[in-house]
Amino acid sequence: MNYPRLDIDCGKIHHNAQFLITQLSLKNISVTPVTKAFLGHPIIAQVLIDAGAKMLADSRIENLQKMTESGIAIPKMLIRTPMLSQVASVIKYSDMSLNSEVEVIQGLSHAAEQQNCCHDIIIMVELGDLREGVMPNHVIDFIREIVSLPNITIKGIGTNLACRYGVAPDEQNMNVLSDLADGIEATFGISLEIISGGNSASVNWALQRTGLTRVNNLRIGEANFLGCEPLEHENIKGLHTDAVSLTAEVIESKIKPTLPWGSRGLNAFGEKESLQDRGKVSQAIVALGRQDVCVSGLKAPNGIKIMSSTSDHLVLESSQKPLFVGEKVTFSLDYSALLSSMSSRYIYKYFKAPKGRRKEEGAHNATNNCNYIRQCHA
């Protein structure tokens, strides 16, 4: 195998997605899996479909295009507000999009007319995290401007929480969303099919809720892939948390002092650490760096500590036996590390097929003796 590499256990991702789809359906909440962490990879898309997904979502139209051109035929949702410069592609490659600007929706309407089709939209509502969304008291006036646009269907409303400031979903803000849905329907005489209550941060709220709510959809990425929720990085009961790991190879191992010598300025990234002399330590370097992954999102194995990083080097200290050159070190990842490492062309990706399922044929090479589907680069 080649290194550094991501090992992706499709069986565990399948379990996680199927578990969430099943459990949330008991609460009358549908799940739209989000594929952006895997760049809309067709293998992951198919795993999610096999787990029960009826629609897939992504923030990049390029990823939706990739899935469409690879034969993924189920409906697709664009979850980042479309760029005006991309409205034609949005109509071509997505069935639904999340929106918060009248001008963009007008552009989508015009593009849909030109392509002789209808496009569904969800109006995003700002509920405190201060990313995208129309302010709640402006939603009625907003919809009044777009409700009669041709080739556009207002499918519902939604919100996004926890991404910018970590604002948690709760009964209060979900009730605001529910009340807005009721008000929109009463004002305009339309029926809203989808009330989308957020992302993986809303999973625990949804699973634990007991009161009435109009919220009937979540857009879930992180929980499917990492088995945890973003607010406190707590594991979600019943889910695998080790479906993805990152392995790198040791390229140097030496006993070195902990205090540098010579006059010091800023390092290559404009930083200047405060250091203490801890004597000599067992230091190792693995072939992995900031150009490959968000280093702060990595967790090293027990007995190994990540000390620092540069573009291409990750410096480790071992409190147990020294690491040896050629040894492999496997890290667990949070969402930021998964997103960045999957996006890196320098990291090899290995997709482990679910047990009892046939590997995909054709586009991806199979390593028969280890039951892996392999793709070298994103």
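I began with the lining of the largest pocket: its residues split into twelve nonpolar, twelve polar and eight charged. My classes: Ala, Val, Leu, Ile, Met, Phe, Trp, Tyr, Cys and Pro are nonpolar, Asp, Glu, Lys and Arg charged, and the others, Gly among them, polar.

Housekeeping: this is a predicted model, where local features need pLDDT of at least 70 and side-chain atom pairs pLDDT 80 or more, while totals for chains, interfaces and linings use all residues. Residues are numbered from 1 along each chain as its sequence is written, and side-chain values use heavy atoms, without hydrogens and water.

I then noted the volume of the largest pocket, about 880 Å³. It has 32 lining residues, with Thr258, Pro260, Glu273, Leu275 and Ser308 nearest the centre. On a 1 Å grid over the protein atoms alone, a pocket is an open set of points where a 1.4 Å probe fits, with protein on both sides within 12 Å along at least five of seven lines; lining residues have an atom within 4 Å of a point. Volume is the space filled by probe spheres set on the points, which are joined across faces, edges and corners.

Next I checked the second largest pocket, about 760 Å³. Lys36, Arg131, Cys163, Asn199 and Tyr335 lie nearest its centre, among 31 lining residues. Its lining divides into 13 nonpolar, ten polar and eight charged.

Last, I looked for disulfides (cysteine sulfur pairs within 2.5 Å) and counted zero. Cys117 is in none; its nearest cysteine sulfur, that of Cys118, is 7.4 Å away.
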